[in-house]
Amino acid sequence: MRKLFAFIYQFRAFLVFVLLEAFCIYLIVQYNTYQGAAFFNSANRYVGRVLEFQSGVTDYFNLSTVNNTLARENALLRQEVLKFKQASIADSTRSMDTTFVEPLDTTIVDSLRTGPQSFILHAGKVINNSVRRTNNYLTLSIGTKDGVQPGMGVIASNGVVGRVKTVSQNYSTVTSLLHSQMLISAKIKKNNTMGTIKWQGGDYRTAILDYIPLHVKLAKGDTVITSGFNTVFPEGIMVGTISSVAKEADKSFFTVKVKLAVDFAQLSYVYVVENLQKAERDTLEHNAGILPNE
Amino acid sequence: MNSTFGIRHIVQFILFVALQILLFDNLVLFSTGFCFIYIAFLLFLPITINRLVLLLLGFIVGFTVDIFYDTMGIHAAASVLLAFLRPLILNLLTPRDGYETSDSANLHIMGWNWFLTYAFILIAVHHAAVFFLEIISFEWFTLFKILLSTLFTGVVVVILQLLFFSAKRAKR
């Protein structure tokens, strides 16, 4: 017995080394499971404060870009509003058609026409961001207090950004689209062909659109948008435009490169998408035996 | 191992981790050259430090960086590996008449040859561990990344030595 203890004592450094490494591997594996919640990450309260301080200093350097983006977004929104206004002016059903009866309960008609309002956007400030690592994350300065929950989608004014991973009271960590294991269900706007967007590292402006079969006709410049086939993103959010199409000899799918619409290096304000029907749709699909596709 | 050891190295710990998070996080060469300067804290520890303490310090510094980088466990694993290998490398590089009590891992005391071999071997091992744990699989691009990053971190470590660790102060 004494010899055993002496043996253990002799190799104590090696044993501690193995123990610590095993613990690290455990942490890596646990954190990598897609939504594995962990306490020690940048959504932590104290870490968040340090990051907020840092972004407080660096924010001043890109104020003009932020202003430009916001102004452009405002212009776009004004355009939309104008379109609706003109449509309602041009719509003469009420004055011309004498048999037209306006329904008392307008919500029924509305929900038939466009579906009930089912998405809420929470605006959040990006306080930590990276684009050059293999697995990139963002930290936002909004948390459960503002209604953010793990698994929600994150979009910017011009396209898809990522998905919320963990949330604390005041901060949240977002898995960026620039993450080696992030997959986003997308489609080509022109002909509704479904595919999957993923990022393979390297350049942070281009991603790959996978699983586009060879019979589909593609052109450079085609728009790629989200498919809306899961509850994370609404349908029709911009992802990017096709920048190159290649047909490789031994593959049954095109190799499509997509230029992402969002410049991740310039992100400063983003919106977290809350889907009000997520729970209902997920339980339905779960009960029907459909596995959730990420 | 007197009380000045504690304060000096605690300050170094905070300084290097802050440098890593606030400055070198944004400083990446050609999207391939990364600088993980926080391991300079482990490299500059006294030569005669207890191996168990070294392992624990390695874990703590790696874990702190992990929290800010959202890479749970990767930097901690690499730093613990570095901390485990450091005494072995130090043994390999022992001068002919052994280390003196006043020796520390300092460029001015141990000389260029000794310091460069010591630093570059350990930095290369650490960076290889980080980049391979990040993707698990093997890619040729990763080797290039390791090479450039090791050079980058190594140069910064040497510059730090030349600027802030004068021969006079180390002799004290």
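A:I188 has A:V224 of β9(A) as its bridge partner. The structure is a predicted model; local features require pLDDT of at least 70, side-chain atom pairs count only at pLDDT 80 or more, and totals for chains, interfaces and linings use all residues. Residues are numbered from 1 along each chain as its sequence is written, and chains are lettered from A and ligands numbered from 1 in the order in which they are written.

Strand β6 (residues 183–188) and strand β9 (residues 223–226) of chain A pair in the antiparallel sense, over three bridges. Pairing here requires at least two DSSP bridges between the strands. Helices (H or I, at least four residues) and strands (E, at least two) are DSSP runs, numbered from the N terminus. In chain A, six strands close into a barrel. Their order is β6-β7-β8-β11-β10-β9, with antiparallel pairing. On average, neighbouring strands of this sheet are turned by 40° against each other, direction ignored. Axes for such angles are lines fitted to C-alpha atoms, for helices over the stretch in contact; angles run from 0 to 180 degrees between N-to-C directions.

Helix α7 of chain A (residues 278–287) is hardly covered. Of its ten residues, the count of buried ones is zero. A residue is buried if 20 or more other C-beta atoms lie within 10 Å of its own, exposed if 12 or fewer, and partly exposed in between, with C-beta atoms placed from the backbone. Just after α7(A), A:G289 takes a positive phi of about 90°.

Chain B has eight helices and zero strands. Its radius of gyration is 16 Å, which agrees with the value near 16 Å for a compact globule of 172 residues. That radius is taken over C-alpha atoms, and the globule rule is 2.2 Å times the number of residues to the power 0.38. Along the principal axes, the C-alpha atoms of chain B fill a box of roughly 45 × 30 × 30 Å. Buried residues make up 38% of the 172 residues. Among contacts in chain B between residues at least 6 apart in sequence, 69% join residues at least 24 apart. A contact requires C-beta atoms, placed from the backbone, within 7 Å.

Between the chains, 21 residues of chain B are in contact with 25 residues of chain A. On the chain B side, α3 (51–69), α4 (74–92) and α6 (112–135) each supply at least two residues. α3(B) gives the most, with six residues.

Methods: Contact = placed C-beta atoms within 7 Å.
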